[in-house]
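Visitor: I am new to this structure and would like to learn how to read it. Could you walk me through it, one feature at a time?

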Amino acid sequence: MFKPLRIGKHEARYPLIQGGMGVRISAGSLAGHVAKCGGVGLVASPGITLNSEFFDGKNYLKSNAQALKDEIRKAYEIAPDGIIGVNVMVALTDYEELVVASVEAGAKVLVCGAGLPLTLPGLTAHAPDVALIPIVSSVRAAQLIAKKWDKSYNRLPDAVVVEDPDTAGGHLGEKMENIGTGEYDQYETVRGVKEFFRSEYGLDIPIIAAGGIWDRADVEHALAEGADGVQMASRFVTTVECDAEDAFKQAYLDCKKEDIGLIMSPAGLPGRAILSNQQGIFDYDRDHSSVCSYGCLKKCSYRESGERFCIVKSLDRAQRGEVDSGLVFCGTNAWKANRIETVQEIFDEIFGAQGVVAEDKAA
């Protein structure tokens, strides 16, 4: 039997958080259905306004918060009593505005990575029931966040996500040269973070393993190694309810293991993606003389010097189905996708009869 996952004042039926996938891969539909099935559903805030009714081509930063609120609303329409949260990248220009908008829209959980969310408790001080979850890849990062939060805000994380840079998709919190060396031990880090909070603060907060989680065996392994739950993203892409266009999902179904690798993001972070179309990503901005018109990142080599490519526009193209020239982020196990399934089918497979019984009761 799998134990429920309690994060702050919120308890999920199953120990699973759906990872945030930016630029409308995980928006209201996916987050809502994950929450309805008993997990924690996350709307990813980066680029959420693109391909929405709120974006007019010129109001990116002004419309992002409004579009985010609308997706949270859609998620709650699907799962009125579910645990809906938001993933907000610290590296975003409008990071603070998106955190505030998330709280105003009723998000119960905030998951923040791509930088250390050192000021997060201050932005949410008026909403103490909102659970705060930083993403780290080292014990040191967890220590820095906890000590800053404790000293400045008298607040500590409600949970911590430990992301494995060797397997996770999207932006990764590690230097390119340190990824894939075989030296990183995710579950040593999981246990180290757990022990830090126990010894330093007398707290037993949930530590969530992220990266490479695909099936029931992966979940059971994570829990056996000391994690209290898992964060899973790539598996949910090839679902009926995922917010991406069918061509994006097909890219997962078509990719091979050797197609997945690392690309350097203009954000200054490595990212894991399907690389078979890498040249098309770079060629698009060159052929269309693209310029930075959104200012989505605090730090961006493309905006500053024209180096690499415009990441938010490339992610937007992919989400719309233009996968030949769009960036398709994914984890190392995306090649395992072999069919389109429903979110409920994934929960049934991973959690067995518990998932079936829970759904029957809900009905």
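Guide: Gladly. Let us start with domains: their bounds come from an automatic or database domain assignment. Please keep in mind that this is a predicted model.

Visitor: Which domains does the assignment give for the protein chain?

Guide: It gives domain 1 (5-244 + 338-349) and domain 2 (248-329).

Visitor: How much area do domain 1 and domain 2 bury between them?

Guide: Buried area is what two parts lose in accessible area on being put together, summed over both. Here domain 1 and domain 2 bury about 2700 Å², and 66% of that is on carbon and sulfur atoms.

Visitor: How many polar contacts and salt bridges cross the interface?

Guide: The rule finds 18 residue pairs in polar contact across the interface of domain 1 and domain 2, both residues at pLDDT 80 or more. For salt bridges across this interface, the count is zero.

Visitor: Let us move to single residues. Is Ala-334 buried or exposed?

Guide: The reading rests on relative accessible area, where buried means under 20% and exposed means over 50%. Ala-334 has 0% relative accessibility, so Ala-334 counts as buried. You will find Ala-334 in the loop between helix H11 (311-319) and helix H12 (343-351).

Visitor: Which residues does Ala-334 touch, leaving out those up to four places away in sequence?

Guide: Ala-334 touches Trp-214, Tyr-252, Cys-255 and Ile-260. For a sense of distance, take Val-291: Ala-334 and Val-291 are 43 residues apart in sequence, and their C-alpha atoms are 31 Å apart in space.

Visitor: What caps the N-terminal end of helix H7?

Guide: Asp-215 does, for the helix that covers residues 216-224. A side-chain oxygen of Asp-215 lies 3.3 Å from the backbone nitrogen of Ala-217. Just after H7 comes Gly-226, with a positive phi of about 115°.

Visitor: Which residues have a positive phi although they are not glycines?

Guide: Arg-24 is one of them, with a positive phi of about 70°. Arg-24 sits in the loop between strand E3 (16-18) and helix H1 (28-36), and its relative accessible area of 10% makes it buried. Arg-308 also has a positive phi of about 70° and is not a glycine. Arg-308 belongs to the loop between helix H10 (301-305) and H11, and with a relative accessible area of 26% Arg-308 is partly exposed.

Visitor: Now the charged side chains. How many salt bridges does the structure hold?

Guide: The general idea is that side chains of opposite charge can pair when their charged atoms come close. This structure holds 23 salt bridges. One of them joins the side chains of Lys-9 and Asp-129, at 2.8 Å from N to O. Lys-9 is in the loop between strand E1 (5-7) and strand E2 (10-12), and Asp-129 is in the loop between helix H4 (120-123) and strand E7 (131-136), so the pair ties together parts that are 120 residues apart in sequence. Lys-9 is exposed at 58% relative accessibility, while Asp-129 is partly exposed at 40%.

Visitor: Which residue forms a salt bridge with Glu-225, and where do the two lie?

Guide: The partner of Glu-225 is Arg-191, and their closest N and O atoms are 2.8 Å apart. Glu-225 lies in the loop between H7 and strand E11 (229-232), and Arg-191 in helix H6 (residues 186-201), so this pair ties together parts that are 34 residues apart in sequence. Glu-225 is partly exposed at 27% relative accessibility, and Arg-191 is partly exposed at 39%.

Visitor: What about Arg-303 and Glu-304?

Guide: They form a salt bridge too, with 3.8 Å between the closest N and O atoms. Arg-303 is partly exposed at 33% relative accessible area, whereas Glu-304 counts as exposed at 52%.

Methods
Residues numbered from 1 in each chain as written. Heavy atoms only, no water. Buried area = accessible area lost by both parts, 1.4 Å probe. Salt bridge = Lys/Arg side-chain N within 4 Å of Asp/Glu carboxyl O. Polar contact = N/O pair within 3.5 Å; in protein donor to acceptor, adjacent residues only side chain to side chain. Helix = DSSP H or I, 4+ residues; strand = E, 2+ residues; numbered from the N terminus. Buried < 20%, exposed > 50% of the residue type's maximum accessible area, 1.4 Å probe, protein only. Contact = heavy atoms within 4.5 Å.
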